[in-house]
Amino acid sequence: MKTNLLSATMLAALLAGCSTQKDSSNSAQATPPKKNVEVTIDGVAGFQDTPMEPDGLWHVHDPARPQPPVVTPGTFSENATPPADAIVLFNGTDLSQWRDKKTGGPVGWSVVDGVAVSAKGDIQTTNEFGDLQLHLEFKEPVPPNGSGQGRGNSGVFLMGRYEIQVLDCYDNKTYADGATAGIYGQHPALANACRPPGEWQTYDIIFNVPHFGTDGALVTPGYVTVFHNGIVAQNHQAIRGDTNWKSPGKYTYRGLTGPLALQYHNNSVSFRNIWVRPIPVVDDP
């Protein structure tokens with residue numbers, strides 16, 4: 001009698017546990033993922049419920065993060081003639097050295113009067129590059145339209161993974177880690193050197209690729225130096241990994257080369273005079 005009573009009790013408990021687990025599972029499935037709430041501080045829209053940056057001071061895309069100081073640029077490298085050993089990626093004629101990033105097919109961008117105009121998706125180079133020197137020129141649309149991240153948005157992706165932001169930040173504030181010449185979502189530019197929309201601007205970039213061990217673990221991060229209109233915007237700055245929206249960055253194993261990519265972000269940004277030089281890294285003291 002005791003045995004039967006114990007068995008009945010255990011069976012009831014087991015059934016109750018199964019019912020609880022099922023209810024809990026259904027409840028978890030029914031709970032929608034958390035949606036970040038956009039907030040505006042001093043006219044800057046961003047987020048304060050995204051992950052913290054590694055320094056522990058700011059959230060990713062934090063609108064309270066200080067804005068880069070505005071510096072009026074001088075004249076630097078506009079219409080720079082490619083050096084003799086440069087690989088010219090766009091000379092105003094065609095985009096034959098580029099392909100659609102998503103499909104691998106022909107690009108959807110147009111070439112008008114020697115200028116490539118972004119449209120219909122991101123593009124990337126047919127060739128891959130490692131450590132490099134990159135020059136390109138871009139022009140923001142006129143009249144300016146939108147504000148924050150919605151104004152003249154594009155980007156230069158090193159190895160197709162690490163974005164140097166292109167944005168119209170002339171008299172247009174956005175979250176600091178998403179402003180012009182910033183490493184997107186990670187490191188704001190040291191200065192806002194933007195020219196007015198409709199004027200040509202230059203990026204001169206030196207990039208060192210990240211290195212991984214045989215086990216796939218990161219040995220050294222990627223580093224980037226960025227001159228925006230002749231002003232140093234990133235000074236041999238370590239990259240924290242792949243650049244993504246609302247993410248502080250995380251590395252995944254990559255080889256020593258990758259394509260260059262240009263972003264279409266619903267804004268028709270113009271590009272010209274794009275060339276690259278592969279460069280060695282000399283470790284002599």
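Arg161 is partly exposed, at 34% relative accessible area; here buried means under 20%, exposed over 50% and partly exposed in between, using a 1.4 Å probe and protein chains only. Before going further, please note that this is a predicted model, in which local features need pLDDT of at least 70 and side-chain atom pairs count only at pLDDT 80 or more, while totals for chains, interfaces and linings use all residues. Residues are numbered from 1 along each chain as its sequence is written, and side-chain values use heavy atoms, with hydrogens and water left out.

**Salt bridges**

A salt bridge is counted when a side-chain nitrogen of Lys or Arg lies within 4 Å of a carboxyl oxygen of Asp or Glu. By this rule there are nine salt bridges.

| Pair | N to O distance |
|---|---|
| Arg272 and Glu137 | 2.8 Å |
| Arg161 and Asp242 | 3.4 Å |
| Asp242 and Arg254 | 3.9 Å |

Let us begin with Asp242, which forms a salt bridge with Arg161. Arg161 sits in the loop between β9 (154-158) and β10 (162-166), and Asp242 in strand β16 (residues 242-244), so this pair ties together parts that are 81 residues apart in sequence. Strands, like helices, are DSSP runs numbered from the N terminus (strands: E, at least two residues; helices: H or I, at least four). Asp242 itself is buried, with a relative accessible area of 9%.

Asp242 also meets Arg254 in a salt bridge. Because Arg254 belongs to the loop between β17 (247-250) and β18 (261-262), this contact links parts that are twelve residues apart in sequence. Arg254 is partly exposed, at 22% relative accessibility.

**Strands around β14**

Two strands are called paired if DSSP finds at least two bridges between them. Strand β14 (residues 223-228) pairs with strand β11 (residues 200-208) in the antiparallel sense, over six bridges. In this region, Tyr223 of β14 is the bridge partner of Asn208.

β14 also runs antiparallel to strand β15 (residues 231-238), with five bridges joining the two. Here Val226 stands opposite Gln234 in β15. Together β14 and β15 form a hairpin with two residues between them, and Asn229 in the turn has a positive phi of about 55°.
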